[in-house]
Amino acid sequence: MASVLLVTGLFLYQEHRIAGTWGYSLDDSWIYATMARNLASGHGYSFNPGEPVAGSTGPLYTFVLALFYLVFREVVWSAKVFGVLCQIGSALAIDATLRAALPGSRALPLWAGLLMGVSPALVWSSLSGMEISFTMLLVSLGIYFHVRGRPLVAVLVWSLGVWLRPDGLFLLALAVIFGPVRDLPKRALVAAPLLLAYFGFNFAVDGNWMPQTVGAKAHLAVDLEERTWNLFREWAAIWGIPYRVTDDLEMPVLLLPLLVIGAAVSFRRWPVLLLYAIGLPLAFSLFREHSGSHKRYILYVIPFGVTLAVLGLHAVTRRLRPATGARLAALVAAVSLIWLFGYTARQAETHGWNVQNIENMQRLLGEFAGRVTQPGDRIATNDIGAIGYFSGRPVVDLMGLITPMEPLPAMLTKYRPEMLIVFVDWFHRDALWDPGSRGFVFVDADTTNKYMMVGAVELRHNTICARDQMLAFRRLELDDPAPVPLLMEVR
């Protein structure tokens, strides 16, 4: 626990030093925060108050944040504390898993817990405001029960995980299928109630069996050459094999051969460990081209890989003399922890810049939009999180997470938003250049209104936003003169 708090303290120090405040390192985190605030404030399960939408990937995490908001009237620190507690819980669960699997060993389970606890990628996750650490806790608890020979409890825990990540269906399917055949109906019956409740909840909210974010982000396709190969390269980068200059190598590379050995010695007993550790990128590639920023969609392989690697190291040391095996285990543990601590400073600084970017682009533009619009005015944007939270205005989502996506001009005509806040090159086909104002102009589908720039924010050091510059446009009549920009910031 002390090691987790130490590394967490470094991340928080860099967050406040660089950003000058406390916040989230992803804009998506503010989507959760907005929906949680609305739910806690009596506006229903919605992003725009009173407009029900399954716009949260993890309904269960939204409920937890709503409870925090109800009690504390804020969602940043409560989410961070909850994330850190989940991080500690995950580390303890993997430590307990290896104690159960290797009853004669104390050092190796402790090493596994440290790998989980001080992993920079997982510490970043715990402070990100996303559902990642909560999901990681349920994944790790499921591993513990699976290894302890309690498959029904593992299935129950992993079924609950689907309420946090819909791709948890893959892990759940493995847990149900791979086990004693005679108990398969029991495992299926344990999973069924939570799954049916999950699908039923989403359908009751807005008529879709899955969260709307799944339909917006996931696109089923079999593309071995591009998608699958890319996901496996990103998976390999988690285990220390880079393929891009910018890759963060989340775990030490020496774990990979140990993972292979551990898989070989444990597959007959616990096949789910290997099948998930290597199968997640394959399954994910059927729906997405990449694993997201910080590889956050496939980080859940880490507890499986750590468990297998420790089993592998144990198998190797058993075949050596006791003294030699102890020295080898100590060397591997020391090198791996030095590797992780070496990446900690870099990841902590990146986290700080992530928060700075979101605060100084999306939050700043959201607060600006709230000042220059009236209650009830709509804002159309391609990043809805912080802009929606801090503007206090209903949002038209141009990317389809909470609003059915149509061509931009059609959406401008349909919803008549008062403001448009976008990365212009995402909509370059609809952007017109106005020589008079020397700026971009957008026109709605029926050519009754135009949108001209009233604000802009540019980031000097961008680590997380999709573009360095984001522009704000105001709705005007076609013959109105160009407005004077009210916000021009370089941060």
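Q: How many residues in the lining of the largest pocket are nonpolar, polar and charged?
A: This is a predicted model. The lining of the largest pocket then divides into 13 nonpolar, ten polar and 14 charged residues.

Q: Which element gives the most to the lining of the largest pocket?
A: Three helices each supply at least two residues: α2 (27-40), α11 (212-217) and α16 (322-372). The top contribution is four residues, and it comes from α16.

Q: Which residues lie nearest the centre of the second largest pocket?
A: The second largest pocket has a volume of about 510 Å³. Its lining holds 26 residues. Nearest its centre are Arg165, Pro166, Asp167, Val214 and Phe284.

Q: Which elements give two or more residues to the lining of the second largest pocket?
A: By class, this lining has 15 nonpolar, four polar and seven charged residues. Now sort the second largest pocket's lining by element. Those that give two or more residues are α2, α9, α11 and α14 (271-285).

Q: What is the volume of the largest cavity?
A: A cavity is a space where the probe fits but cannot get out. Searching the whole structure with a cut-off of 30 Å³ or more turns up two cavities. The largest of them has a volume of about 100 Å³.

Q: Which elements give two or more residues to the lining of the largest cavity?
A: The lining includes Thr135, Leu138, Val157, Trp158, Leu171 and Tyr276. By class, it has seven nonpolar, three polar and two charged residues. The elements that supply two or more of the lining residues are α7 (132-147), α8 (151-161) and α9 (168-177).

Q: Which element supplies the largest share of the lining of the second largest cavity?
A: About 40 Å³ of space lies in the second largest cavity. Among its lining residues are Tyr61, Phe82, Ser125, Met130 and Phe134. At least two lining residues come from each of α4 (76-101), α6 (120-127) and α7. The largest share is three residues, from α4.

Q: How many charged residues are in the lining of the second largest cavity?
A: Five residues of this lining are nonpolar. Another five are polar. The count of charged residues is therefore the one class left, and it is given as no charged residues.

Q: How far apart are the end C-alpha atoms of α7?
A: Helix α7 is mostly covered, with 15 of its 16 residues buried. Just after α7, glycine 149 takes a positive phi of about 80°. At 1.5 Å a residue, the helix should span 22 Å. The end C-alpha atoms agree with that, because they are apart by 22 Å.

Q: Is threonine 307 buried or exposed?
A: Threonine 307 lies in helix α15 (residues 301-318). Its relative accessible area is 2%. The cut-off for buried is under 20%, so threonine 307 is buried.

Q: Which residue has its backbone oxygen 2.7 Å from a polar atom of the side chain of threonine 307?
A: Leaving aside neighbours within four places in sequence, threonine 307 is in contact with Ile94, Thr97, Leu98, Ile143 and Leu273. The 2.7 Å distance runs from the side chain of threonine 307 to the backbone oxygen of proline 303.

Notes: Residues are numbered from 1 along each chain as its sequence is written. This is a predicted model: local features need pLDDT of at least 70, side-chain atom pairs count only at pLDDT 80 or more; totals for chains, interfaces and linings use all residues. Side-chain values use heavy atoms; hydrogens and water are left out. On a 1 Å grid over the protein atoms alone, a cavity is a set of points where a 1.4 Å probe fits but cannot get out, and a pocket is an open set with protein on both sides within 12 Å along at least five of seven lines; lining residues have an atom within 4 Å of a point. Grid points are joined across faces, edges and corners, and a volume is the space filled by probe spheres set on the points. Buried means under 20% relative accessible area, exposed over 50%, partly exposed in between (1.4 Å probe, protein chains only). A polar contact is a pair of N or O atoms within 3.5 Å; within protein, one must be able to donate a hydrogen and the other to accept it, and residues adjacent in sequence count only if both atoms are side-chain atoms. Contact means heavy atoms within 4.5 Å. The expected span of a helix is 1.5 Å times one less than its number of residues.
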